[in-house]
Amino acid sequence: MIYTLALNPAIDRTMWVGKMDFRTTTRVRRESRYPGGKGVDVSRVLTAMGISNVALGFVGGFVGEELECRLGYEGVRTDMIKVSGETRTNIIVNETSNGRHLLLTAKGPRVDPYELGTLFRKIENLSDPTMMAVGGSLPRGIHPDTYRRVITIMKRKGAITILDADGENLRSGIEACPDYIKPNRHEMSELVGRPLSTLDEFIQAAEEVRSWGVGTVLVSLGPDGMMLVADGQRYLASPPKVDVVNSVGLGDSAVAGFMYGLANRLDLKDCLIHGTAAGTATAMKHGTARANKDDVMKIVPMIDFKNLMEDEK
Ligand SMILES: Nc1ncnc2c1ncn2[C@@H]1O[C@H](COP(=O)(O)OP(=O)(O)OP(=O)(O)O)[C@@H](O)[C@H]1O
Ligand SMILES: [Mg+2]
């Protein structure tokens, strides 16, 4: 079974307004509520692409109930641990007059040591893990070391591990030598501690991170697509120019598209193409809805693929 881990999932509440007015009442014209948070996003896109998976993580309070119900409604399987605090609600306000958006990411509940202990027991007892996506922010009360511990357990159990986190959480997760990491431009440059701008600089940085024990480094480059650096392989996949109507959850969709490739035993080139297409397909969907299989497959043939090793010859 494929698992995702969402330690701090959320409900993303999106509102559309003409223009925010700080002096008087701003009328909301439309709104939507979708499950959110990295692991949950990955599970939603995987499910919508026909890949069976289970979302693990913490939920609490009324919002936690809503989150699980919404996921169930979408056909996403969950095996969540109930915590005493309330699951967070993120607020996204889209100004239709100028296309700007405001994203307010809430902190989420504090998680107690016994609740974390329950999670580790669950993970230790998974009988059939083949792959796990780990990532996102950690709730209050959880040590940054947690990703390192989770990845260590999953690797011992023989699962492929994919880490998508930033800052301290990324650094500590890398100590467990995950099979894949998927930083974006900014996260990658923070990881190696220097500014990166050219493709060559990103490749050198990815090789450096691989020398720390990471199997394959995927760097998502926003509208420029995604780069892959693995043993003897350096690829770049670039999407077509599209109308972007949403900028939330693109990285998570890219991870899910890549995992779709792995689950279908595609080669790394095609995994990268599907990952890039999934990110782009989600950029074209309103609200914080995520891409489904049809959306992704429409983009796949439009992805421009480059083998960067051949360029070097
Ligand atoms: N403007 C865009 N046009 C087309 N595709 C895009 C655009 N921005 C992002 N994408 C697609 O989404 C993928 C992930 O984007 P990005 O690098 O912005 O991820 P991220 O910063 O991790 O996102 P997130 O904020 O969701 O974590 C890219 O590899 C690309 O395929
Ligand atoms: Mg990201």
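The model is predicted, and local features need pLDDT of at least 70, side-chain atom pairs count only at pLDDT 80 or more, while totals for chains, interfaces and linings use all residues. Residues are numbered from 1 along each chain as its sequence is written.

Begin by selecting ligand 1 and the residues near it (those with a heavy atom within 4 Å): 18 residues surround the ligand, and the closest are Asn184, Ser220, Gly222, Gly225 and Thr276. Colour this shell by class, and you will find seven nonpolar, nine polar and two charged residues, with Gly counted as polar.

Next, show the backbone of glycine 222, where a polar atom is 2.9 Å from an oxygen atom of ligand 1, and then that of leucine 250, where the corresponding distance to a ligand oxygen is 3.0 Å. Around ligand 1, the protein covers 83% of the 630 Å² of accessible area that the ligand has on its own, as computed by the Shrake-Rupley method with a 1.4 Å probe.

Now select helices α8 (250–263) and α9 (268–283), each of which supplies at least two residues of the shell; α9 gives the most, with three residues. Helices here are DSSP runs (H or I) of at least four residues.

Finally, select aspartate 41 and arginine 290, which form a salt bridge with their closest N and O atoms 2.9 Å apart; the term means a side-chain nitrogen of Lys or Arg within 4 Å of a carboxyl oxygen of Asp or Glu. This pair links distant parts of the chain, 249 residues apart, with aspartate 41 in helix α1 (residues 38–48) and arginine 290 in the loop between α9 and α10 (293–299).

Notes:
Chains are lettered from A and ligands numbered from 1 in the order in which they are written. Side-chain values use heavy atoms; hydrogens and water are left out. A polar contact is a pair of N or O atoms within 3.5 Å; within protein, one must be able to donate a hydrogen and the other to accept it, and residues adjacent in sequence count only if both atoms are side-chain atoms.
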